[in-house]
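My entries follow in the order in which I looked things up.

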Amino acid sequence: MAKEFKLSAQRLEALKEELNYLKTVREKEVADQIKEARSFGDLSENSEYDEAKNEQGKLYSRIAEIENILSNYVVIEDHEKDPDAVRLGSRITVLDLEFKEEETYQVVGSQEADPMNGKISEESPFGRALIGHKVGEKVTVESPSGPVRYEIKKVTR
(Lines give C-alpha, C1' and ligand atoms only; values in the text may rest on other atoms or scores of the structure.)
Protein backbone atom coordinates (compact mmCIF):
# COMPACT_ATOMS: atom_id res chain seq x y z
CA MET A 1 0.00 0.00 0.00
CA ALA A 2 1.28 3.45 -0.93
CA LYS A 3 2.10 5.97 1.77
CA GLU A 4 -0.65 8.52 2.34
CA PHE A 5 0.51 12.14 2.38
CA LYS A 6 -1.38 14.58 4.60
CA LEU A 7 -1.49 18.05 3.09
CA SER A 8 -3.11 21.36 3.84
CA ALA A 9 -5.21 22.86 1.05
CA GLN A 10 -2.49 25.51 0.53
CA ARG A 11 0.27 22.91 0.21
CA LEU A 12 -1.84 20.91 -2.25
CA GLU A 13 -2.27 23.98 -4.47
CA ALA A 14 1.46 24.80 -4.22
CA LEU A 15 2.37 21.27 -5.35
CA LYS A 16 -0.06 21.43 -8.28
CA GLU A 17 1.42 24.77 -9.35
CA GLU A 18 4.97 23.44 -9.02
CA LEU A 19 4.13 20.37 -11.09
CA ASN A 20 2.56 22.54 -13.79
CA TYR A 21 5.65 24.80 -13.85
CA LEU A 22 8.05 21.84 -14.01
CA LYS A 23 6.15 20.14 -16.83
CA THR A 24 5.67 23.26 -18.94
CA VAL A 25 8.34 25.89 -18.39
CA ARG A 26 11.22 24.04 -16.70
CA GLU A 27 11.09 20.94 -18.91
CA LYS A 28 11.41 23.13 -22.03
CA GLU A 29 14.31 25.08 -20.48
CA VAL A 30 16.22 21.86 -19.73
CA ALA A 31 15.53 20.48 -23.21
CA ASP A 32 16.93 23.71 -24.68
CA GLN A 33 20.04 23.39 -22.46
CA ILE A 34 20.63 19.84 -23.73
CA LYS A 35 20.11 20.92 -27.34
CA GLU A 36 22.57 23.79 -26.94
CA ALA A 37 25.14 21.58 -25.21
CA ARG A 38 24.92 19.01 -28.01
CA SER A 39 25.84 21.70 -30.49
CA PHE A 40 29.23 22.08 -28.77
CA GLY A 41 30.42 18.82 -30.33
CA ASP A 42 31.99 15.72 -28.75
CA LEU A 43 29.63 14.55 -25.98
CA SER A 44 32.27 12.44 -24.21
CA GLU A 45 34.17 15.55 -23.08
CA ASN A 46 31.27 17.98 -22.92
CA SER A 47 30.68 19.14 -19.34
CA GLU A 48 27.76 21.37 -20.39
CA TYR A 49 25.98 18.31 -21.80
CA ASP A 50 26.67 16.27 -18.65
CA GLU A 51 25.36 19.09 -16.46
CA ALA A 52 22.22 19.49 -18.60
CA LYS A 53 21.53 15.73 -18.44
CA ASN A 54 22.01 15.80 -14.64
CA GLU A 55 19.55 18.69 -14.43
CA GLN A 56 17.09 16.71 -16.55
CA GLY A 57 17.43 13.74 -14.18
CA LYS A 58 16.73 15.96 -11.15
CA LEU A 59 13.74 17.48 -12.93
CA TYR A 60 12.17 14.13 -13.79
CA SER A 61 12.85 12.87 -10.27
CA ARG A 62 11.02 15.86 -8.75
CA ILE A 63 8.13 15.47 -11.20
CA ALA A 64 7.80 11.79 -10.22
CA GLU A 65 7.94 12.69 -6.52
CA ILE A 66 5.17 15.29 -6.85
CA GLU A 67 3.02 12.98 -8.97
CA ASN A 68 3.39 10.28 -6.29
CA ILE A 69 2.28 12.72 -3.59
CA LEU A 70 -0.65 13.94 -5.69
CA SER A 71 -1.83 10.39 -6.31
CA ASN A 72 -1.77 9.49 -2.57
CA TYR A 73 -2.82 12.55 -0.59
CA VAL A 74 -5.46 13.44 1.96
CA VAL A 75 -6.39 17.07 2.59
CA ILE A 76 -6.36 18.08 6.25
CA GLU A 77 -9.92 19.05 7.14
CA ASP A 78 -10.92 21.61 9.74
CA HIS A 79 -13.61 19.51 11.40
CA GLU A 80 -12.90 17.13 14.21
CA LYS A 81 -14.82 15.49 17.05
CA ASP A 82 -12.76 17.37 19.64
CA PRO A 83 -11.92 20.88 18.37
CA ASP A 84 -9.89 21.75 21.51
CA ALA A 85 -7.36 18.93 21.03
CA VAL A 86 -4.08 19.25 19.17
CA ARG A 87 -4.37 17.74 15.71
CA LEU A 88 -2.99 18.12 12.23
CA GLY A 89 -3.15 21.78 11.26
CA SER A 90 -3.21 23.08 14.85
CA ARG A 91 -1.01 25.99 15.85
CA ILE A 92 0.16 25.39 19.40
CA THR A 93 2.10 27.25 22.03
CA VAL A 94 4.01 25.10 24.49
CA LEU A 95 6.05 25.88 27.58
CA ASP A 96 9.31 23.97 28.04
CA LEU A 97 9.00 23.09 31.73
CA GLU A 98 12.76 22.80 32.28
CA PHE A 99 13.89 26.08 30.69
CA LYS A 100 10.59 27.99 31.14
CA GLU A 101 10.60 29.04 27.48
CA GLU A 102 7.47 29.32 25.35
CA GLU A 103 7.56 28.20 21.73
CA THR A 104 4.90 28.18 19.01
CA TYR A 105 4.59 25.48 16.38
CA GLN A 106 2.17 24.28 13.74
CA VAL A 107 1.52 20.54 13.42
CA VAL A 108 1.66 19.64 9.71
CA GLY A 109 1.96 16.59 7.47
CA SER A 110 5.43 15.21 6.77
CA GLN A 111 5.58 16.91 3.33
CA GLU A 112 5.19 20.35 4.89
CA ALA A 113 7.51 19.90 7.88
CA ASP A 114 10.01 22.72 8.38
CA PRO A 115 11.18 22.71 12.02
CA MET A 116 13.37 25.80 11.54
CA ASN A 117 10.20 27.75 10.68
CA GLY A 118 7.99 26.26 13.39
CA LYS A 119 6.29 23.56 11.31
CA ILE A 120 6.60 20.13 12.92
CA SER A 121 5.54 16.85 11.38
CA GLU A 122 2.75 14.91 13.03
CA GLU A 123 4.99 11.87 12.48
CA SER A 124 7.89 13.33 14.49
CA PRO A 125 8.31 12.35 18.16
CA PHE A 126 7.26 15.86 19.21
CA GLY A 127 4.24 15.88 16.91
CA ARG A 128 3.13 12.39 18.00
CA ALA A 129 3.43 13.37 21.67
CA LEU A 130 1.21 16.44 21.20
CA ILE A 131 -1.58 14.96 19.04
CA GLY A 132 -4.82 14.54 20.99
CA HIS A 133 -3.78 16.63 24.01
CA LYS A 134 -5.46 19.85 25.17
CA VAL A 135 -4.54 23.18 26.75
CA GLY A 136 -3.17 22.71 30.27
CA GLU A 137 -2.02 19.13 29.71
CA LYS A 138 1.62 18.18 30.14
CA VAL A 139 3.34 15.94 27.60
CA THR A 140 6.69 14.19 27.62
CA VAL A 141 8.71 14.01 24.42
CA GLU A 142 11.50 11.48 24.09
CA SER A 143 14.59 13.16 22.69
CA PRO A 144 18.16 11.93 22.13
CA SER A 145 19.22 13.78 25.29
CA GLY A 146 16.40 12.28 27.35
CA PRO A 147 12.76 13.08 28.06
CA VAL A 148 11.65 16.71 27.71
CA ARG A 149 8.42 17.91 29.38
CA TYR A 150 6.12 20.53 27.90
CA GLU A 151 2.86 22.12 28.96
CA ILE A 152 0.37 23.04 26.23
CA LYS A 153 -0.54 26.70 26.69
CA LYS A 154 -2.63 27.48 23.60
CA VAL A 155 -4.22 25.61 20.66
CA THR A 156 -5.62 27.43 17.63
CA ARG A 157 -6.56 26.48 14.08
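I began with D32, which is partly exposed at a relative accessible area of 39%; I kept in mind that this is a predicted model. The side chains of D32 and K28 meet in a salt bridge, at 3.4 Å from N to O, and both residues lie in helix 1, 4 residues apart, which is about one turn of the helix. I also noted a network here, in which salt bridges that share partners join E18, R62 and E65.

Next I turned to E29, which forms a salt bridge with R26, their closest N and O atoms being 2.8 Å apart. This pair, too, lies in helix 1, with E29 and R26 3 residues apart, about one turn of the helix.

Then I looked up E67, which forms a salt bridge with K23, the closest N and O atoms being 2.6 Å apart. E67 lies in helix 2 (residues 47-70) and K23 in helix 1 (residues 9-38), so this pair ties together parts that are 44 residues apart in sequence. E67 counts as partly exposed at 33% relative accessibility, and K23 is partly exposed as well, with a relative accessible area of 39%.

Last, I searched the whole structure, and the search found 9 salt bridges.

How values were computed. Residues numbered from 1 in each chain as written. Predicted model: local features only at pLDDT ≥ 70, side-chain atom pairs only at ≥ 80, totals over all residues. Heavy atoms only, no water. Salt bridge = Lys/Arg side-chain N within 4 Å of Asp/Glu carboxyl O. Helix = DSSP H or I, 4+ residues; strand = E, 2+ residues; numbered from the N terminus. Buried < 20%, exposed > 50% of the residue type's maximum accessible area, 1.4 Å probe, protein only.
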